[in-house]
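I hope they are handy to read with the viewer open.

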Amino acid sequence: MNSHPNSVKGSALTTLIGGIVILLAVLFFLVKLATGGYYSDVEDMNPNAVETRIKPAGGLLLGDGTPVGQREGKQVFDKVCIQCHGADSNVAFSPKITHNADWAPRIAKGFETLVKHAIDGFVGPQGGSMPARGGDTTLTDDEVARAVAYMANESGASFNAPAVQSEGGEAAASSEQSAAAGDSSATGKAVFDKLCVACHAANSTFPNSPKITHNDDWAPRIAQGRETLLKNAIQGFKTMPAKGGDPSLSDAEVEAAVAYMVNQSGGTF
Ligand code: HEC
Ligand code: HEC
C-alpha cells in the first residue's frame, strides 16, 4: 500500500540527481569550450606564421611544386629558413632577414663560409645553433646557397647566388625574349614613364620600392640576377603588383622597363 507513493518519491529523487549530473557535465564542457577558444600560442600568432597560413594556396605550393635542385633562394627561405631567420622571429642568436646589423658580421665572413655553415650546421660562440640545411635534408647545396644569398642580400650583402639550371626550352625561350627586348630601351622608358614611375620614381615615397637612380636601393635587387627580377616584375613580388598592375603589358615590355630601371641604377642588363 505504501510502496506506491515511495516509488514516486524515489523516481523524483533519481530525476533530480540525474538532472544535476547532466547540468554539471554540460557546465564542464561549456567551460572547456570557452577556454579552449581563448588559448593562443604567441609563436603561432607572429606575423610570419599568420602570413604563411593566409597565403594563397598557389603560393604554398611553390616550394614543393618546383623540382628538387631548382628552388630559388626566396622559395627555400619562405619554406624553411623563415622559421628562425624571419624578420620577426624570436629564435635566439639567428641573424634576422633585413636586420642589416645582425648580418654585417656574418657577411664579413664571406659567402663561402656562410654557405658551408648553412650546409654543415654551425654553433655560434654563445651556443646558438644553426641546424644543417635548416633541418631540411631535401635541399641541395645550391639551394641552400641561394637561400643564404637571398637572406644576406635582403640584409645588406650583394652575393651572387648559384643560378638555377632551367630546362633547355625555358632558357632558350627567355633568351629569345631578351633578344626581342634587346633594342627596346625606348619601350622600356615609355613603360616606365607611364606606369612604373608611380612607385619607382627617384622621388617616389612608395614604401620599399627600389627607386630609379638610387643605386643602393638596386644593388641587392640586381644581385638576385636578371631572371629573378624579371620573374618578380612579371608575376608580382610582395607589394610589387604583377606587371606593375597592368596585365595588358607583354612580358617583353615589362622586361624592357626592368632593364631601363636597372641600367639607370648601376646595373647592366
Ligand atoms: C631551427 C632554427 C633555424 C633554421 C630553420 C635555420 N637556421 Fe640558420 N641559424 C640559426 C641560428 C640560431 C643561427 C645563429 C647561430 C649562431 O651564430 O649563434 C643561424 C645562423 C645562420 C647563418 C650564419 C652562419 C655564420 O657562420 O654566421 C646562416 C648563413 C644561416 N643560418 C643560414 C640558414 C639557411 C640558409 C636556412 C634555411 C635553409 C636556415 N639558416 C635555417 C637557426 C636556424
Ligand atoms: C604600386 C606600386 C608599384 C608599381 C606601379 C610598380 N612597382 Fe615594382 N615594386 C614595387 C615595390 C613596393 C617593390 C618592392 C617589393 C619588396 O621588395 O618589398 C617593387 C619591386 C620591383 C622590382 C624588384 C623585384 C625584386 O625581386 O627585388 C622590380 C624589378 C620592379 N619592381 C619592376 C617594376 C616594373 C617594371 C614596373 C612597371 C611595369 C613596376 N615595378 C611598377 C611597387 C611597384
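1. A cut-off to begin with: a residue counts as buried if 20 or more other C-beta atoms lie within 10 Å of its own, as exposed if 12 or fewer do, and as partly exposed in between. Thr98 has 14 other C-beta atoms within 10 Å, so Thr98 is partly exposed. Please keep in mind throughout that this is a predicted model.

2. Staying with Thr98 for a moment, its place is in the loop between α5 and α6. Which residues does Thr98 touch, leaving aside those up to four places away in sequence? They are Ala87, Glu154 and Ser155. With Ala87 the separation along the chain is 11 residues, and the two C-alpha atoms are 6.4 Å apart.

3. Now the overall picture. The protein chain contains 13 helices and 2 strands. Of its 269 residues, 27% are buried. If you take the contacts between residues at least 6 apart in sequence, 62% of them join residues at least 24 apart.

4. Ligand 1 is surrounded by 30 residues, and the closest are Cys81, Cys84, Gly124, Gly128 and Gly134. Two or more residues of this shell come from each of α5 (73–85), α7 (111–120), β2 (129–130) and α8 (141–153). Which element gives the most to the shell around ligand 1? That is α5, with 6 residues. Sorted by class, the shell around ligand 1 holds 16 nonpolar, 11 polar and 3 charged residues.

5. Ligand 2 has 27 residues around it, with Cys196, Cys199, Ser209, Met240 and Gly244 the closest. At least two residues of this shell come from each of α10 (185–200), α12 (226–235) and α13 (251–263). The biggest share is from α10, which gives 6 residues. The classes here are 15 nonpolar, 9 polar and 3 charged.

6. Two of the helices around ligand 2, α10 and α13, deserve a look as a pair. Two packed helices are described by the angle between their axes and the distance between the axes. For α10 and α13, the axes come within 7 Å and cross at roughly 80 degrees. Angles from 65 to 115 degrees count as roughly perpendicular, and α10 and α13 are therefore roughly perpendicular to each other.

7. On the α10 side it involves Ser185, Thr187, Gly188, Lys189, Val191, Phe192, Cys196 and His200, and on the α13 side Glu253, Ala256, Ala257, Ala259, Tyr260 and Met261. By class, this contact of α10 with α13 has 8 nonpolar, 4 polar and 2 charged residues.

8. Leu114, Val115 and Ala118 are buried in α7. Why do the buried residues of α7 line one face of the helix? Looking down the helix axis, they fall within an arc of 100 degrees, so they share one face. On the other side of α7, Glu112, Thr113 and Asp120 are exposed. The cover over the buried residues of α7 includes α6 (100–107), β2 and α8. After α7 comes Gly121, with a positive phi near 90 degrees.

9. In α11 (residues 215–223), the buried residues are Trp218, Arg221, Ile222 and Ala223. They pack against α8, α12 and α13. Just after α11, Gly225 has a positive phi of about 95 degrees.

10. Finally, two backbone angles to check by eye. Most residues other than glycine have a negative phi, and most peptide bonds are trans. Arg133 has a positive phi near 50 degrees, and its place is the loop between β2 and α8. Lys238 has a positive phi of about 50 degrees as well, in the loop between α12 and α13. Are these residues buried or exposed? Arg133 counts as buried because 21 C-beta neighbours lie inside 10 Å, whereas Lys238, with 9 other C-beta atoms within 10 Å, is exposed.

Definitions and conventions. Residues are numbered from 1 along each chain as its sequence is written. Chains are lettered from A and ligands numbered from 1 in the order in which they are written. This is a predicted model: local features need pLDDT of at least 70, side-chain atom pairs count only at pLDDT 80 or more; totals for chains, interfaces and linings use all residues. A residue is near a molecule or strand if its C-beta atom, placed from the backbone, lies within 6 Å of it. Helices (H or I, at least four residues) and strands (E, at least two) are DSSP runs, numbered from the N terminus. Ala, Val, Leu, Ile, Met, Phe, Trp, Tyr, Cys and Pro count as nonpolar, Asp, Glu, Lys and Arg as charged, and the others, Gly among them, as polar. Axes are lines fitted to C-alpha atoms, for helices over the stretch in contact, and angles run from 0 to 180 degrees between N-to-C directions. Angles under 35 degrees count as roughly parallel, over 145 as roughly antiparallel, 65 to 115 as roughly perpendicular and the rest as oblique. Two residues are in contact if their C-beta atoms, placed from the backbone, lie within 7 Å. The arc is that of the directions from the helix axis to the C-beta atoms.
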